[in-house]
Amino acid sequence: MREAFEVYDVDAAGRRGELTVPRGRTVETPALLPVVNPHVDTVAPRRLAEEFGVEALITNAYVIHGDDDLREAARERGLHDLLDFDGVVMTDSGSFQLAEYGEIDVTTAEILAFQVAAESDIVTPVDVPTPPDADRETAEADLRTTRERLATAESVAAGDALVTAPVQGGSFVDLREAAGRHAADTDLDVFPVGGTVPLLNDYRYGDVVEAVLAAKRGLDPDCPVHLFGAGHPVVFALATAAGCDLFDSAAYALYARDDRYLTRRGTRHLTDLETFPCECPVCTAHTPARVRDREGSARHDLLAEHNLHVSLGEMRRVRDAVRAGTLLELVEARARSHPAVLDGYRALLDHADELERSDPVRKDGFRYLSTESARRPEVSRHHERLDRVTAPDRLLLTEGPRVEGHGTDWTLLPPFGPVPDALSRTYPLTAETPDRTDPAAREAAARGVARLAAANPDAAITIAHRGWRAETLDRLPDGVATVDLDARGLHGDSRAESATGEHGGDGA
Ligand SMILES: [Zn+2]
């Protein structure tokens with residue numbers, strides 16, 4: 001068991017929990033760790049804690065190590081004192097510089113020893129981030145190097161620090177999974193999914209989700225997972241739903257330097273704004289025109305503060321959603337405002353069976369919000385449950401009123417399908433769904449009917465549907481009879497008409 005990480009709530013593969021570092025400091029997860037550059041004083045770490053509620057930050061040990069004065073100060077006073085920050089301090093090792101510039105001038109053992117001496121709470125070995133489009137040979141070679149580094153990291157006296165075990169593998173999901181399993185088998189503590197920065201920068205969120213889920217298949221459920229470079233708030237809900245617990249943001253400062261303004265829906269440019277669409281203290285106290293009038297660094301600092309407020313606010317919203325069991329609904333809301341998130345959400349739903357394993361059986365509610373809702377893990381779980389349901393000999397599944405002459409009636413509820421009476425008041429069949437259903441919901445419901453029919457081959461099943469199209473009806477198994485309520489004008493609670501003579505399934 002990894003005792004540093006405690007999970008309180010789960011939703012899809014997302015978790016709300018708490019990470020405790022050996023010196024006793026804690027951080028509530030999922031958490032956003034602002035990147036603090038020791039050379040650039042954007043928002044002072046003390047202000048991060050006091051005004052922004054930041055519990056953990058990340059700084060670059062390689063940059064500090066490369067500066068004689070900072071290095072000695074960090075060794076003598078420790079990073080908490082040097083940075084004037086009493087929360088959790090995580091350090092990166094120079095892997096990013098290695099990826100950018102091709103070489104660095106410290107070894108893993110040296111930089112780890114330095115991080116430990118500087119009293120970092122979470123220390124990182126130098127691993128080799130594999131570029132997303134590298135070939136398999138390169139990915140395998142990088143992975144061998146990373147494994148050696150993890151062995152070095154295991155052998156270094158970590159003192160009072162947690163040690164990260166980066167999970168690489170490029171875009172090869174089998175290598176990612178194997179790397180995850182290897183990392184979980186070490187006695188290391190925190191698991192960054194590495195090499196994703198170029199994907200995140202290019203908004204390739206579908207590929208990010210595939211990489212995270214592959215790493216998670218290898219990792220154990222008690223492994224806290226860090227997504228390096230995921231600093232844009234638009235991706236927080238999605239990445240949390242895929243199973244990430246820790247995020248770092250340099251974006252708040254980097255975007256500000258280009259006069260870019262982060263929102264939960266994407267990025268705007270300061271020159272395009274007449275009104276700030278935000279409630280944070282910066283946007284409440286200033287107009288875009290007044291911020292534009294400021295000199296460079298003063299303007300950038302204000303934008304960085306806004307960017308940080310909106311990022312940390314979104315992370316609080318994500319934590320609340322995991323607790324409330326509404327994380328996938330938050331992901332859907334974000335997917336409706338950014339196509340890259342929609343792509344990532346669709347990739348996530350391609351793995352609904354994996355999500356279903358961690359998704360809680362009970363939540364407060366289920367809201368059908370888009371065609372993607374039809375692919376949520378709750379729907380596949382209900383379909384699996386139908387395999388074990390005994391149907392009456394003669395059963396009518398109806399979207400509307402009872403229709404006489406077809407036996408016992410159960411509700412037919414898209415996207416779930418048959419609602420056995422005994423389950424009708426239980427989650428997720430208490431779902432809130434729109435009256436005007438869509439083809440995706442009906443097709444999912446048809447799959448549910450097929451599961452029930454397969455489990456009860458001797459039952460005579462009729463479905464009374466509201467104008468389902470032929471392509472959907474074709475998904476029903478042979479032998480399931482159908483009644484079109486719309487064609488018969490049966491919308492309300494009239495029950496009189498009999499429904500004989502309807503078509504009885506394709507080859508029946
Ligand atoms: Zn703002």
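These are my notebook entries on a predicted model of one protein chain.

**Entry 1. Ground rules**

I number residues from 1 along each chain as its sequence is written. The model is predicted, so I take local features only at pLDDT of at least 70 and side-chain atom pairs only at pLDDT 80 or more, whereas totals for chains, interfaces and linings use all residues.

**Entry 2. The chain as a whole**

I looked up the secondary structure and found 21 helices and 18 strands in the protein chain. Helices (H or I, at least four residues) and strands (E, at least two) are DSSP runs, numbered from the N terminus. The C-alpha trace spans about 90 × 55 × 40 Å along its principal axes. Of the 508 residues, 49% are buried. I call a residue buried if 20 or more other C-beta atoms lie within 10 Å of its own, exposed if 12 or fewer, and partly exposed in between, with C-beta atoms placed from the backbone.

I also looked up the contacts, where two residues are in contact if their C-beta atoms, placed from the backbone, lie within 7 Å. Among contacts with a separation of 6 or more, 71% join residues 24 or more positions apart.

The chain is divided into domain 1 (5-252) and domain 2 (386-484); these bounds come from an automatic or database domain assignment. I note 48 Å between the two domain centres, taken over C-alpha atoms.

**Entry 3. The three-stranded sheet**

I find an open sheet with the order S1-S2-S3 and antiparallel pairing. Its edge strands are S1 (5-11) and S3 (26-29), each pairing on one side only. Two strands pair if DSSP finds at least two bridges between them. On average, neighbouring strands here are turned by 10° against each other, direction ignored. Strand S2 (residues 14-20) is joined to S3 by four bridges in the antiparallel sense, and Gly 17 has Thr 29 of S3 as its bridge partner.

Helix H15 (residues 296-324) lies across S1, S2 and S3, at about 115° to S2. For such angles, axes are lines fitted to C-alpha atoms, for helices over the stretch in contact, and the values run from 0 to 180 degrees between N-to-C directions.

I place Pro 30 in the loop between S3 and strand S4 (31-36).

His 65 lies in helix H2 (residues 61-65). Why does His 65 count as buried? It has 23 C-beta neighbours inside 10 Å. Beyond residues up to four places away in sequence, His 65 touches Arg 71, Val 106, Ile 111 and Phe 114.

Ile 111 and Phe 114 are among the buried residues of H6, together with Thr 108, Leu 112 and Gln 115. Seen down the axis, these buried residues fall within an arc of 160°, so they line one face of H6; the arc is that of the directions from the helix axis to the C-beta atoms. They pack against H2, strand S6 (88-92), strand S7 (122-123) and H7.

In H7, I list Ala 139, Asp 142, Leu 143, Thr 146, Arg 149, Leu 150 and Ala 153 as buried. They cover an arc of only 125° around the axis, which puts them on the same side of H7. Glu 137, Arg 144, Ala 151 and Ser 155 are exposed on the other side. The packing partners of the buried residues are helix H6 (108-117), strand S8 (162-163) and helix H8 (173-185).

**Entry 4**

S14 (residues 394-398) and S15 (residues 408-413) pair in the parallel sense over four bridges, and Leu 396 stands opposite Asp 409 in S15.

In the loop between S16 and H20 I find Pro 428. A cis peptide bond joins Tyr 427 to Pro 428, with omega about 5°.
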